[in-house]
2 protein chains.
Amino acid sequence: MKLIYVLGAAGSIGEQTLDVISQDQDLFQLVGISLSSDRIKNKSILDRFKVEICCLRTGDDLAFYEQTYPNVRFVSGDSGLIEVASYPKKGILVNALSGSSGLIPTMKAIESGKDIALANKETLVMAGDLVTQAVRKYGVKLLPVDSEHSALWQVLKDEKIDDVKKIIITASGGSFRHLTRAELQNVTLQDALKHPNWSMGAKITIDSATMMNKGLEVIEAHHLFGFPYHNIETILHDESVVHGLVAFKDGTMKASLSVSDMRIPIAYALYYPNRFTYSKHLELTHMSFKPMDFNRFPLLKIAYEVGIQGGLLPTVMNAANEAAVKLFLSGDISFLEIETIIIQSIQNYKNILHPTLEDIILTDRWIQKEITDRYRKR
Amino acid sequence: MKLIYVLGAAGSIGEQTLDVISQDQDLFQLVGISLSSDRIKNKSILDRFKVEICCLRTGDDLAFYEQTYPNVRFVSGDSGLIEVASYPKKGILVNALSGSSGLIPTMKAIESGKDIALANKETLVMAGDLVTQAVRKYGVKLLPVDSEHSALWQVLKDEKIDDVKKIIITASGGSFRHLTRAELQNVTLQDALKHPNWSMGAKITIDSATMMNKGLEVIEAHHLFGFPYHNIETILHDESVVHGLVAFKDGTMKASLSVSDMRIPIAYALYYPNRFTYSKHLELTHMSFKPMDFNRFPLLKIAYEVGIQGGLLPTVMNAANEAAVKLFLSGDISFLEIETIIIQSIQNYKNILHPTLEDIILTDRWIQKEITDRYRKR
């Protein structure tokens with residue numbers, strides 16, 4: 001029996017995680033979750049799973065939930081997330097929170113001896129060094145859930161690191177991949193949210209369109225697998241069939257392929273080292289690859305530079321991106337302003353090389369607040 | 001230091017094996033070889049490598065070679081091949097012989113405790129059960145050298161067999177892949193020898209055009225990896241970039257990719273479990289896949305049927321193919337008659353289910369002789 005915690009259980013990855021868990025109730029037991037502010041969704045989850053602890057977005061509805069589900073311990077807000085993450089039963093914590101809010105719960109879960117199935121890449125972008133140190137110190141596993149990192153993990157797990165020449169992450173290019181930079185001037189939020197291959201949350205869909213997502217993934221891959229940035233390549237691949245490739249020094253490559261269904265990497269992490277049985281199989285048809293275009297997608301270039309410099313800069317980039325995407329989603333800025341805001345934030349920032357967790361959290365909050373205050377129209 | 005024997009050293013795979021060996025003389029020592037009837041080629045090989053034993057095609061030139069290379073022990077013909085294969089120093093024997101002549105030397109090398117790097121797929125087609133039994137009995141390794149099987153081996157080596165749903169072998173389709181069956185009526189030998197992706201020996205190039213090669217590979221894969229035939233698929237893949245794929249029950253696939261250079265699978269087998277360093281790396285561009293067309297390529301369908309039935313039938317198919325390809329190469333029959341001859345041979349044959357090695361060898365000789373006598377015009 002594997003005990004499972006899911007932070008962000010009502011989000012896109014969270015719901016797919018619950019779907020995987022519910023299909024194998026002999027193996028998985030859901031112990032703790034965090035939910036959204038959508039009462040109907042929350043109720044449906046609480047009705048399906050008998051959890052022990054549940055974190056609500058705010059304390060407003062606490063009485064209602066406590067009355068309806070008397071056997072569940074309800075907590076709320078940021079402190080509630082920490083309570084779920086620190087819950088005294090070991091197991092796997094699936095971190096499917098969106099953005100920087102995932103960092104502290106990840107650290108707390110590690111410190112309480114839980115393995116981390118990480119869908120929240122921002123955690124590693126902001127504090128990759130601290131997180132991987134903590135993973136080693138507490139002897140827990142860090143299991144990638146991102147489809148690209150799951151693919152790389154599957155290929156790398158039985159290989160000698162010295163035999164690897166480079167790892168290659170594929171990028172679909174997102175909603176606007178076939179538009180020129182000039183054409184990006186007039187794109188709408190609605191169009192930005194139409195990802196060609198994946199059905200995902202709003203933030204990651206926008207991040208895919210700006211190629212920031214691939215930048216975050218490059219930094220995530222650096223921390224997960226320990227390769228220097230010059231051995232981490234990205235490549236454009238329209239079809240999202242090949243998710244990751246490893247090139248070996250002997251001229252061979254291994255690739256991991258699957259249909260675009262997040263339940264596959266989720267299940268790979270939860271079942272590891274075993275494999276689950278899945279009915280949807282890939283039909284091989286056509287795959288195209290094009291070199292990454294760093295002029296078309298400047299944020300990816302920025303992410304490499306920021307990753308190489310390290311320190312607080314990745315946190316600054318991540319915070320600026322998070323704030324800018326929110327502003328774009330609320331209609332306050334245009335699509336191309338996302339890039340401008342991120343680039344300016346990095347240029348204006350004097351880096352600190354070995355930040356503490358507190359430095360990281362404070363910088364994240366400060367940058368996000370500063371950008372939001374400046375650009376929010378209302 | 002790894003001691004190496006190369007049977008068929010003057011052929012296409014043989015020469016590429018010597019190329020790999022010569023680049024790492026601290027690791028590899030060439031002990032024994034078999035050569036061709038081309039004296040210039042033979043001399044060039046004997047000048048470059050200080051071998052202990054060398055098998056010549058015939059005894060005609062023995063005096064010349066013994067005088068020129070007094071430190072080498074020369075043997076000749078079929079018995080000479082057995083002497084090289086049975087040479088009392090253990091090591092890796094690369095079997096790069098063409099066709100059925102590879103079988104007995106493989107068995108002798110196994111019995112003398114040598115690991116086998118197998119480029120001669122006919123060995124496993126004819127006597128897969130006996131060879132794999134002998135491999136287990138004598139505790140030696142059977143290392144695939146065919147590019148497709150090397151690819152599958154690389155992917156399968158660290159996986160649990162129970163997790164595998166199927167293995168997939170790619171087929172370029174050979175010289176006539178874009179011709180209809182009607183257009184095959186008038187193709188020439190010269191055109192048949194132009195393989196679009198690989199530079200190989202004559203027999204395998206013709207086998208690629210008839211898709212018999214893929215049929216032999218399916219049977220080879222069955223014996224190498226132990227999967228039933230219904231879990232071994234073939235797929236058309238024009239670019240010869242992906243050589244083999246493994247589909248797992250969880251919906252993921254792993255693929256092995258490389259440029260079309262036989263030195264890569266050769267080196268993979270010789271260096272195993274390490275990897276060598278190679279300068280030529282794959283650029284990912286475009287890959288297409290199409291379902292196999294068994295009506296267009298009936299010999300592949302035949303190979304599956306013959307493989308499933310087992311016994312002596314694979315030997316009959318292999319012998320008929322070998323004789324028919326020779327007749328096509330000598331201009332005695334047309335391209336499409338290769339198929340007719342093979343299909344007729346199988347239809348006329350009453351199968352024997354558990355043949356001995358002697359049954360296999362005699363059947364091979366008898367079928368080849370019978371077909372050659374019937375169709376040879378001169």
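This is a predicted model: local features need pLDDT of at least 70, side-chain atom pairs count only at pLDDT 80 or more; totals for chains, interfaces and linings use all residues.
Chain A holds an open sheet of seven strands. The order is β4-β3-β2-β1-β5-β6-β7, and the pairing is parallel. Strands β4 (73-76) and β7 (142-144) of chain A stand at the edges. Each has a single partner strand, so one side of each lacks a neighbour in the sheet. From one strand to the next, the twist averages 25°.

Strands β1 and β5 of chain A pair in the parallel sense over four bridges. Within this pair, V6(A) stands opposite V94(A) in β5(A). Helix α5 of chain A packs on the sheet and touches β1, β5 and β6 of chain A.

| Elements | Residues | Angle |
|---|---|---|
| α5(A) and β6(A) | 103-111 and 115-118 | about 150° |
| α12(B) and α13(B) | 298-309 and 313-329 | roughly 145° |

The axes of α12(B) and α13(B) come within 8 Å. From α12(B), the contact draws on I302(B), A303(B), V306(B) and Q309(B). These meet L313(B), P314(B) and M317(B) in α13(B). By class, this contact has six nonpolar residues, one polar residue and no charged residues.

**Chain A and chain B**

A rotation of 180° superposes chain A on chain B, with 0.0 Å of shift along the axis and an RMSD of 0.0 Å. That is the relation of a two-fold axis. The same surface serves both copies. Of the contact residues of chain A, 100% recur in chain B.

Key:
Residues are numbered from 1 along each chain as its sequence is written. Chains are lettered from A and ligands numbered from 1 in the order in which they are written. Side-chain values use heavy atoms; hydrogens and water are left out. Two strands pair if DSSP finds at least two bridges between them. Helices (H or I, at least four residues) and strands (E, at least two) are DSSP runs, numbered from the N terminus. Axes are lines fitted to C-alpha atoms, for helices over the stretch in contact, and angles run from 0 to 180 degrees between N-to-C directions. Contact means heavy atoms within 4.5 Å. Ala, Val, Leu, Ile, Met, Phe, Trp, Tyr, Cys and Pro count as nonpolar, Asp, Glu, Lys and Arg as charged, and the others, Gly among them, as polar. Copies are superposed by least squares on the C-alpha atoms of residues with pLDDT of at least 70 in both.
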